[in-house]
Amino acid sequence: MKTTPKTMFSSAFAEDTYKGLTSFPKYLLSQYIYDEKGDKLFQQIMNMPEYYLTSCEFNILKSNAEEIAGSIGNKDGFDLIELGAGDGKKTKILLQEFVDKQFNFDYLPIDISQSVLQELEASLNREIPQVNVRAQQGTYFKTLEKLSDYSSRNKAILVLGSNIGNLSHEKAVDFLANIAKAMNEDDKLFMGFDQKKHPQKILDAYNDPAGITEAFNKNLLVRINSELEGNFDLDKFLHWETYNPETGTARSFLVSKEDQKVTIKKIGLEVIFKAWESIHTEISQKYDDSIVNWLADEAGLKVETSFGDEMKCYKNYIFKI
Ligand code: AVI
């Protein structure tokens, strides 16, 4: 493998790719899956029958909209801040409920993707024009640091889709602690956590026969090819999913089917793969009440209440400080 001086990296993506592919074992960061194509593939994943997370959370919101809106909304006026807003399909249930209840609120969706925010704003203008939208583009962590610049009143913070599951427990505690720091006494955090369940159901959700999840995972290689002048041959890698029921961690890999050498020109790297060597690409953590309570405790949050679906697949928790 060639080594490269650190100063030549043109972006965080270039530097993280270099670090990940020169480590042992090799890894890439799942956050880089999400460019325009990655966003579209994730939309498709959310509509797959195997990816139960979306419909479970949708059903929880639908069945409990009134109680949830009453618990997280504030009659004196508040900002509803959503981290990782996506297409807002599930959030619209709550937005409609707040509008019906005549709460005085602004909706602040935050997402890394500007195009996702534009589409969300346009669809809200069409569907629920009464909602005052103040979209913010940015990463979770950066936006949380500056939250007091955007919002000076009571806050309800939403993180849906079990997005926290893509973080290790250590990073999840940091994330929750950062949210807790931004919260005042009357503020609420409403967050989705995918639950431990039959391991086969989890494996099926992350390994669909149509190959959408495979394309989503391989989008990391597509991006390296196009943005860093790499020459990964996608067909020479296998999408592989594992689930450990002891820890509740689903892990995604790309596995090299043969001995091969890949060149990534822009970071001056030649990567040697032995046959069946892996690149770890993503974790999707599954939870139970004791893990969620432990994370909350570590981060200085308290669970106020939770809402589950009938199949016990998924839960949304309300936290306060
Ligand atoms: C965004 N995140 C919560 C998804 C998940 O379930 O971990 C990303 C995903 N990866 C494969 N399928 C969906």
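Two strands pair if DSSP finds at least two bridges between them. In this predicted model, strand 9 (residues 249–256) and strand 12 (residues 278–285) are joined by seven bridges and run antiparallel. The views below begin with that pair.

View 1. Leu 254 has Ile 279 of strand 12 as its bridge partner.

**View 2. Strand 2 (residues 78–83) is mostly covered.** Six of the six residues in strand 2 are buried. On one side of the strand are Phe 78, Leu 80 and Glu 82, and on the other are Asp 79, Ile 81 and Leu 83; all are buried, which leaves both faces covered.

**View 3. Strand 2 is joined to strand 3 (residues 105–111) and to strand 6 (residues 154–159).** Strand 2 and strand 3 run parallel and share six bridges. In this pairing, Glu 82 is opposite Pro 109 of strand 3. Strand 2 also runs parallel to strand 6, with five bridges between them. Here Asp 79 is opposite Lys 155 of strand 6. Helix 4 (residues 91–100), together with strand 2 and strand 3, makes a right-handed β-α-β unit.

**View 4. Phe 78 and Phe 105 form a stacked aromatic pair.** The structure holds 19 aromatic pairs. In the pair of Phe 78 and Phe 105, the ring centres are 5.6 Å apart and the planes are at 15° to each other. The two residues come from distant parts of the chain, with Phe 78 in strand 2 and Phe 105 in strand 3, 27 residues apart. Buried means under 20% relative accessible area. Phe 78, at 0%, is therefore buried, and Phe 105 is buried with a relative accessible area of 8%.

**View 5. Phe 193 and Tyr 287 form an edge-to-face aromatic pair.** The distance from centre to centre is 4.9 Å, with 90° between the planes. Phe 193 is in strand 7 (residues 188–194), while Tyr 287 is in the loop between strand 12 and helix 11 (289–299). The pair links distant parts of the chain, 94 residues apart. Both residues are buried: Phe 193 has a relative accessible area of 1%, and Tyr 287 has a relative accessibility of 0%.

**View 6. Tyr 34, Phe 42, Tyr 51, Tyr 206 and Phe 216 form one aromatic cluster.** The cluster includes residues numbered from Tyr 34 to Phe 216.

**View 7. The largest nonpolar core has 67 residues.** Ile 72, Leu 80, Phe 105, Tyr 107 and Phe 232 have the most contacts inside this core. Helix 3 (residues 52–72) gives the most to the core, with nine residues. Apart from this core lies another, of 31 residues, including Ile 164, Leu 167, Phe 175 and Phe 193. In soluble globular proteins, nonpolar side chains tend to be buried together.

**View 8. Ile 72 and Phe 190 are in contact.** Neighbours within four places in sequence are left aside in this view. The contacts of Ile 72 include Leu 80, Leu 94, Phe 98, Ala 156, Leu 158 and Ile 318. Phe 190 is in strand 7 and counts as buried, at 0% relative accessibility. Among the residues in contact with Phe 190 are Leu 61, Ile 68, Ile 157, Val 159, Phe 307 and Tyr 317. Leu 160 is also in contact with Phe 190; the two are 30 residues apart in sequence and 7.8 Å apart in space, C-alpha to C-alpha.

**View 9. Ala 177 lies in helix 8 (residues 169–182).** Ala 177 is partly exposed, and its relative accessible area is 26%. Ala 177 and Ala 296 are 119 residues apart along the chain, and their C-alpha atoms are separated by 8.4 Å.

Notes: Residues numbered from 1 in each chain as written. Predicted model: local features only at pLDDT ≥ 70, side-chain atom pairs only at ≥ 80, totals over all residues. Heavy atoms only, no water. Buried < 20%, exposed > 50% of the residue type's maximum accessible area, 1.4 Å probe, protein only. Helix = DSSP H or I, 4+ residues; strand = E, 2+ residues; numbered from the N terminus. Right-handed = clockwise from strand over helix to strand, strands pointing away. Core = buried A, V, L, I, M, F, W, Y, C linked by side-chain atoms within 4.5 Å. Contact = heavy atoms within 4.5 Å. Phe/Tyr/Trp six-rings, centres within 6.5 Å; stacked < 30°, edge-to-face > 60°.
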